[in-house]
Amino acid sequence: MYDIAADHGPALSAAIVLLAFGLVFLRLLRFLAGRQAGWAVRFLEGFDAASPMAKLAAALMLVSGAIHLALVPGHDGITGILFIVDGLGFIALALGVFVTTWWRRPAAIWLSATIVAYLVWVIAGWEAPDQVGIACKLIELVALGLVMRLKNATHAAWPRRLGRVTALPLLISLTTLGIWIGGLVHPDALHAHAGAVLQPVASVATPEERAAAARLLADTKASLTRYQDPAAAVAAGYKPGPVSDADPLLHFQNQANARAVLDPIRPQALVYARTPAGLKLVGAMYQMPRVGQWGPDPGGPLTQWHQHEGICFSPLGFEFSFETPFWTCPVGSGSITTPPMLHVWIIDNGTSGPFAAELDKAVRRELTGRSSP
Amino acid sequence: MNQATPTESRLEIAGVLVVLQASLSLTAGLSAIPFGIVEPGFRVLSVVTIVVAVMMFWLARNLRRGRRWAWGGLVTLEVLSLTITVLLTLLPIGTIRGPVPVLVNLVIPWAVLVLLALGSRRSAGPRLGPADL
């Protein structure tokens, strides 16, 4: 669903390094304070007097600052400049926790503004949501929650108290929604339909790849002729999967073929459409044994594998929904990622072609009378 | 700088993390509602998830009020959550992939448990300031 962008990986290391540096910095300060350096003594007094909550808020802002600064090299223009400003601002606020009494309001504003700016960038398509960005927002949301709790508003009137109670949950919900909208409105080239990630391949098929793809289609068609009748498939060891109201297709799987790799004689699953006239064989599904293990693609971009990620699977009724960007699922369901799969449609699959991740919508509607999902 | 004692502060941190977890659960429950249109099981799961989220908000509030039962309820929930996550992680279904699921499903529940344990050990009972959640 959300991966780690190639140029974002070092940011995670930078955050860990900065925290380690922070510990060394503290030891150095204690050394300097022991030698009566006035500013070191003042800083340490503030540090020692701060509660664990304030210290954690400072540490989280420091982490966010480090992540932003580490991301600068991969971001040009205004985004890069804002990352520098944001990173330095967070580091200044983290230090301000121990030397000022007025840091909370600026910190709350800075954290909120950073989260809102991220959502604007993601929804506008100027930044793709990835796990580093989402983890950073999570850290900032925790920091904001801590800063809000540190504010003493015990005697505030009820509208203000209600605002304080609802502000953080509301911001978390909006952040989730914003990241979701950004990801759906601006999917990257490797995301097909929601929840499916495509195998990276070259953009143009060579003549050899075209020939290999045609051979795979012909071999699969030839192999599947014996399974037109679902009873023959069952006799050969294929077992029908659970029937879902949401899916007009029915997969018959054969565990005995689990280790075969793109073998037309032994496909992992047969796909039947539930038509008004009964089950109609429409294709085969090849599947690799393990998550993240892309299969051979003899047809290059024509035979592109895909794996489903970010799916909440409920064994109660065998149903699926989508995970939130923060990787949470409804109670009673769990996050799953399927091993890569390649469909070969033996019927005319319209404009989508014989190796599309899904049955063409028009074909599906024509066969089953339904267009979802 | 602020008035909370270290013990109170730990429980306050736990409370903030539980509110975060509750908010994430709430969004998970709300986001499953559209799937309930075609998948009847998710109608039930989304409602259950929203109820659990509301319960977590309530437990966080009462933790700050110093209620022992809220402390116990949260420990139970977090242990359950961590156990399920660890069991799912052992299966080859790619449950934990990347920093976000690690933070949300492992680090935060573990941190809440540690904070609750520390908050309990250092005081006779969580006695916090006024409940101003």
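How many residues does the contact take from chain A and from chain B? Select both chains to see the answer: 54 residues come from chain A and 48 residues from chain B, where two residues are in contact if their C-beta atoms, placed from the backbone, lie within 7 Å.

What you have open is a predicted model, in which local features need pLDDT of at least 70 and side-chain atom pairs count only at pLDDT 80 or more, while totals for chains, interfaces and linings use all residues. Residues are numbered from 1 along each chain as its sequence is written, and chains are lettered from A, with ligands numbered from 1, in the order in which they are written.

**The side of chain A that touches chain B**

Keep chain A selected and colour α2, α3, α6 (131–150), α7 (158–185), β8 (319–322) and β9 (334–336), the elements that give two or more residues to the side touching chain B; helices (H or I, at least four residues) and strands (E, at least two) are DSSP runs, numbered from the N terminus. The largest share of this side, 10 residues, comes from α6(A). By class, the side has 30 nonpolar, 19 polar and 5 charged residues, with Ala, Val, Leu, Ile, Met, Phe, Trp, Tyr, Cys and Pro counted as nonpolar, Asp, Glu, Lys and Arg as charged, and the others, Gly among them, as polar.

**Ile123(A)**

Within helix α5 of chain A, pick Ile123(A), which counts as partly exposed because it has 19 C-beta neighbours inside 10 Å. Leaving aside neighbours within four places in sequence, Ile123(A) is in contact with Gly178(A), Ile181(A), Gly182(A) and Val185(A).

**Chain B**

Finally, select chain B, which has 4 helices and 0 strands. Buried residues make up 46% of its 133 residues, and among its contacts between residues at least 6 apart in sequence, 71% join residues at least 24 apart.

Note on methods:
A residue is buried if 20 or more other C-beta atoms lie within 10 Å of its own, exposed if 12 or fewer, and partly exposed in between; C-beta atoms are placed from the backbone.
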